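This briefing covers one predicted protein model.

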Amino acid sequence: MGHTPGKEFTMTKNKTTNNKVADIERAIKAKEKEIAEIMNEKEAAADDAVKLVEAEKKERRAKSELEALQTVYNAATYTPPAPTDQQELLAGLNKYQEIWDDRVKLIRVKISEVDAETAEVEKALDKATEEADTNRTIELSNRRNENKATKEHLLDMLQRAEALPVFPDGAIQSEWDEICNKLRPEWDNKVMELKVLAKAYKTAAEALIQMNDTIKAVRSDLERKQGGEYFSKFFTVGENGADMIVEKPYISRITSIFNSVISSHDTV
């Protein structure tokens, strides 16, 4: 079998995502277990005000962490709906094209019918001439002239029909208004989803930064107490933070949606 790098990359990416989701699920279960144990601590410390306050503090922190983990889980498992297809959105214009095509087709069919009849008349005229049938010749000549006049009228009608605009006045604006109204709920949902995820990201980032500051302060205090000897890295081993940062291109692309001058060439 041939080597397919793209497929392997996708499989690796999906495997990494699945592993992260599994890690989050395990962390949620562990945090739920921790909260249950804290509840037992609270019951046991009911008569000890100091221990009760400490247990309640641990409970608030654990529940906050659980809520953060659940938010992260929702973000990690979030799958955006398939975007509305451009062809689907433009399908409303098809009816105008169909009306225009049917009108032109009808006239062309009529012209073909007149041409076919004219050909039959010419054959009949030849036969009438051979037979010296004057009455038949006069009758057929009149029909030929009528067909000629009819075709001229039909050709003029065809030219006028082809010159008519495919879309009546206001039709395209009406279709655009309908598209806007149709897409607005989907647009609003996507904006809301992105705001929620952005807020969750900022909350998680602030929490990590704050925790890092606390750990650094504690480490510095402990290092001073042991004569300035530094501790080795622990929390950041194996990480460089690259996959925790929102990619810069999205910053300019998202802000440009709302900050650019409204134009069909850049934003809606």
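**Fold and overall figures**

Along the sequence the chain follows the pattern α-α-α-α-α-α-α. Its secondary structure amounts to seven helices and zero strands, where helices (H or I, at least four residues) and strands (E, at least two) are DSSP runs numbered from the N terminus. This is a predicted model, in which local features need pLDDT of at least 70 and side-chain atom pairs count only at pLDDT 80 or more, while totals for chains, interfaces and linings use all residues. Residues are numbered from 1 along each chain as its sequence is written, and side-chain values use heavy atoms, with hydrogens and water left out.

- Of the 268 residues of the chain, 12% count as buried; buried means under 20% relative accessible area, exposed over 50%, and partly exposed in between (1.4 Å probe, protein chains only).
- The accessible surface of the chain is about 21700 Å², and 57% of this surface belongs to carbon and sulfur atoms. Areas come from the Shrake-Rupley method with a 1.4 Å probe, and for residues only the protein chains shown count as cover.
- Among contacts in the chain with a separation of 6 or more, 70% are between residues 24 or more positions apart; contact means heavy atoms within 4.5 Å.

**Nonpolar cores**

- The largest nonpolar core has eight residues: Trp-100, Val-104, Ile-107, Ile-111, Val-114, Leu-154, Leu-158 and Ala-161. A nonpolar core is a set of buried Ala, Val, Leu, Ile, Met, Phe, Trp, Tyr and Cys residues joined through side-chain atoms within 4.5 Å.
- Another core, of six residues, lies apart from the largest one and includes Ile-24, Ile-35, Ile-38 and Ala-62.
- Leaving aside neighbours within four places in sequence, Leu-154 is in contact with Ile-107, Lys-110, Ile-111 and Val-114.
- In soluble globular proteins, nonpolar side chains tend to be buried together.

**The loop between helix 4 and helix 5**

- Ala-132 is located in the loop between helix 4 and helix 5.
- Phi of Ala-132 is near 55°, a positive value in a residue other than glycine.
- Most residues other than glycine have a negative phi.
- Ala-132 counts as exposed, because its relative accessibility is 61%.

**Aromatic pairs**

- There are three aromatic pairs, counted where rings of Phe, Tyr and Trp (its six-membered ring) have centres within 6.5 Å; planes under 30 degrees apart count as stacked, over 60 as edge-to-face and the rest as tilted.
- The rings of Tyr-96 and Phe-167 have their planes at 70° and their centres 6.0 Å apart, so this pair is edge-to-face.
- Tyr-96 is in helix 4 and Phe-167 is in the loop between helix 5 and helix 6 (171–225), so the pair ties together parts 71 residues apart in sequence.
- Tyr-96 is buried at 15% relative accessibility, whereas Phe-167 is partly exposed at 29%.

**Nonpolar surface patch**

- Trp-187, Leu-194, Tyr-201, Leu-208, Met-244, Ile-245, Val-246, Tyr-250, Ile-254, Ile-257 and Phe-258 form a nonpolar patch on the surface, with about 1000 Å² of accessible area together.
- Patches are made of residues with over 30% relative accessible area and no salt bridge; like charges are joined within 9 Å, and nonpolar side chains (Val, Leu, Ile, Met, Phe, Trp, Tyr) within 5 Å.
- Helix 6 and helix 7 (248–259) are the elements that give two or more residues to the patch.
- Val-246 sits in the loop between helix 6 and helix 7 and is partly exposed, with a relative accessible area of 43%.

**Salt bridges**

- The count is 20 salt bridges, each being a side-chain nitrogen of Lys or Arg within 4 Å of a carboxyl oxygen of Asp or Glu.
- Asp-115 and Lys-151 meet in a salt bridge (2.9 Å, N to O). Asp-115 lies in helix 4 and Lys-151 in helix 5, so the pair ties together parts 36 residues apart in sequence.
- Asp-115 is partly exposed at 32% relative accessibility, and Lys-151 is partly exposed at 29%.
- Lys-63 and Glu-59 form a salt bridge (3.1 Å, N to O) and are four residues apart in helix 2 (residues 49–76), about one helical turn.
- Glu-59 is buried at 8% relative accessibility, whereas Lys-63 is partly exposed at 43%.
- Lys-225 pairs with Asp-221 in a salt bridge, the closest N and O atoms being 2.9 Å apart; both residues lie in helix 6, four residues apart.
- Lys-31, Glu-34 and Glu-65 are linked in a network of salt bridges.
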